[in-house]
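Welcome to my notebook. These entries follow the aromatic rings, one look-up at a time.

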Amino acid sequence: MTELLYMGSMNDCYIRDFDAMVVSVEDAEEKVIILDRTAFYPLGGGQPNDRGTMRWIGGSCSVVNVIKKNRIRHVVEGNLPEVGTPVIGELDWELRYAHMRMHTAQHLLSSVMWKRYNAPTVGNQIHADRSHIDFGTDDIDMDELKNVEREVNELISRSEEVRVRTLPREEIERKVETERVDLSRLPAFVKDLRTVFIGEEGEIDICPCAGTHVRNISELGSMEILKRRSKGAGKLRVEYRLS
Ligand SMILES: [Zn+2]
């Protein structure tokens, strides 16, 4: 297993560069590097993979894709290092930070939509510039969504901290409503959940999540809801951006 450097405390999400050791290299259709530890986030949970570079004495490559498949696979372009080479990984920080802000904003928007309308989040896709969330409802109009936008921005202005705690699954099941967070898809062997709390005790949101987040919601700036689109079958897509 690759050690995931972005997964511990909130500060770990701010690791921009790191030392690691090459444990495996593939040079087939794609060039792949596997490290003993990484801060590169793999595609997953609606959040795109990180990009960046790896450097070592005598070579370098660009990290163009990151996939989690047992271990973290860095798909690269450029030179390949030998197994055992110490490398320095460096994230495209502008891209990652944009994803962190968008992803944290997704928690806020999902929380407000749940609390106001009991509208569960059924899907989401983060991008650096615009993101969308799919909600399990389709009868909320743009005027209502502008009220949602106002509420999200009021929450942002409270400058609450974002915390990560790992808690027993039963405790999380007691704390969150099952329609807000569907824990049934998690395999039974998962006993502890990495859970994101926004607000001192999670007053704003509590949600198990393996993504990357900002430390304080003041970093989100302001949210603008751009579009709504009914996807049919009781599903509403809401697009937003941050500035
Ligand atoms: Zn999250």
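I started with a charge over a ring: the charged end of R215 sits over the ring of Y14, 3.7 Å from its centre. For this I needed NZ of Lys or CZ of Arg within 6 Å of the ring centre and within 35 degrees of the ring normal. I also found R165 over the face of F197, at 4.5 Å from the ring centre.

A note on sources: this is a predicted model, where local features need pLDDT of at least 70, side-chain atom pairs count only at pLDDT 80 or more, and totals for chains, interfaces and linings use all residues. Residues are numbered from 1 along each chain as its sequence is written, and side-chain values use heavy atoms, with hydrogens and water left out.

Next I searched the whole structure for aromatic pairs and got 4. Rings of Phe, Tyr and Trp (its six-membered ring) pair if their centres lie within 6.5 Å; planes under 30 degrees apart are stacked, over 60 edge-to-face, and the rest tilted.

I looked at F18 and F40: their ring centres are 5.8 Å apart and the planes stand at 80°, so this pair is edge-to-face. I checked burial too (buried is under 20% relative accessible area, exposed over 50%, partly exposed in between; 1.4 Å probe, protein chains only). F18 is buried at 5%, and F40 is buried at 0%.

Then I turned to W93 and Y97, a stacked pair with 5.7 Å centre to centre and 25° between the planes. W93 is buried at 14%, while Y97 is partly exposed at 25%. Last, I noted that ring pairs link Y14, W93 and Y97 into a cluster.
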